[in-house]
Amino acid sequence: MPARAAGMSIRTYLLHFVQATGNTPVHWLISQRVQGSPPLLEKTRTPIEEIANAVGFDTAVTYRHHFNRFTRTSRSAYRKAFTRRDAP
């Protein structure tokens with residue numbers, strides 16, 4: 001446990017974590033996972049289920065929920081914005 005390794009109580013550790021990052025550890029971790037996914041959406045055709053697993057989410061449903069919450073857009077809309085279309 002990080003708190004014990006730092007010689008702190010859990011409560012003190014959490015307080016310092018929030019002061020340092022502006023987020024709780026769980027919120028910070030979820031945001032890091034979401035932030036890790038745009039390159040996969042932008043540059044690959046990897047299925048959403050595989051992207052969800054690659055960035056640490058158990059299911060695509062959970063990933064979708066958190067992606068939408070953090071970016072205020074859907075994964076498919078985000079991916080479409082970066083899909084290269086050939087000129088006619």
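Is histidine 66 buried or exposed, and what is its relative accessible area? Histidine 66 is buried, with a relative accessible area of 11%. Here buried means under 20% relative accessible area, exposed means over 50%, and partly exposed lies in between, with a 1.4 Å probe and protein chains only.

The legends below describe a predicted model, in which local features need pLDDT of at least 70, side-chain atom pairs count only at pLDDT 80 or more, and totals for chains, interfaces and linings use all residues. Residues are numbered from 1 along each chain as its sequence is written, and side-chain values use heavy atoms, with hydrogens and water left out.

**View 1. The whole protein has seven helices and zero strands.** Helices (H or I, at least four residues) and strands (E, at least two) are DSSP runs, numbered from the N terminus. The elements run α-α-α-α-α-α-α from the N terminus on. The radius of gyration is 17 Å, well over the 12 Å that the globule rule gives for 88 residues, so the protein is more spread out than a compact globule. This radius is taken over C-alpha atoms, and the rule is 2.2 Å times the number of residues to the power 0.38. Along the principal axes, the C-alpha atoms fill a box of roughly 65 × 20 × 20 Å. Of the 88 residues, 23% are buried.

**View 2. Histidine 66 has its place in helix H6.** Leaving aside neighbours within four places in sequence, histidine 66 is in contact with Ile30, Val34 and Phe57. Contact means heavy atoms within 4.5 Å.

**View 3. Helix H3 (residues 25-35) has Ile30, Ser31 and Val34 as its buried residues.** They cover an arc of only 100° around the axis, which puts them on the same side of H3. The arc is that of the directions from the helix axis to the C-beta atoms. These buried residues of H3 pack against helix H4 (38-43) and helix H6 (60-71).

**View 4. Tyrosine 13 and phenylalanine 17 form one of the pairs in a structure that holds five aromatic pairs.** Rings of Phe, Tyr and Trp (its six-membered ring) pair if their centres lie within 6.5 Å; planes under 30 degrees apart count as stacked, over 60 as edge-to-face and the rest as tilted. This pair is tilted, at 6.2 Å centre to centre and 40° between the planes. Both residues lie in helix H2 (residues 10-21), four residues apart, about one turn of the helix. Tyrosine 13 is partly exposed, with a relative accessible area of 23%, while phenylalanine 17 counts as buried at 16% relative accessibility.

**View 5. Phenylalanine 57 and tyrosine 63 form a tilted aromatic pair.** Their rings are 5.6 Å apart centre to centre, with 35° between the planes. Both residues are buried. Phe57, Tyr63, Phe67 and Tyr78 form one aromatic cluster. The charged end of arginine 33 sits over the ring of phenylalanine 57, 5.9 Å from its centre. A charge sits over a ring if NZ of Lys or CZ of Arg is within 6 Å of the ring centre and within 35 degrees of the ring normal.

**View 6. Threonine 62 is found in helix H6.** Threonine 62 is partly exposed, with a relative accessible area of 33%. Threonine 62 and alanine 52 are ten residues apart along the chain, and their C-alpha atoms are separated by 8.2 Å.
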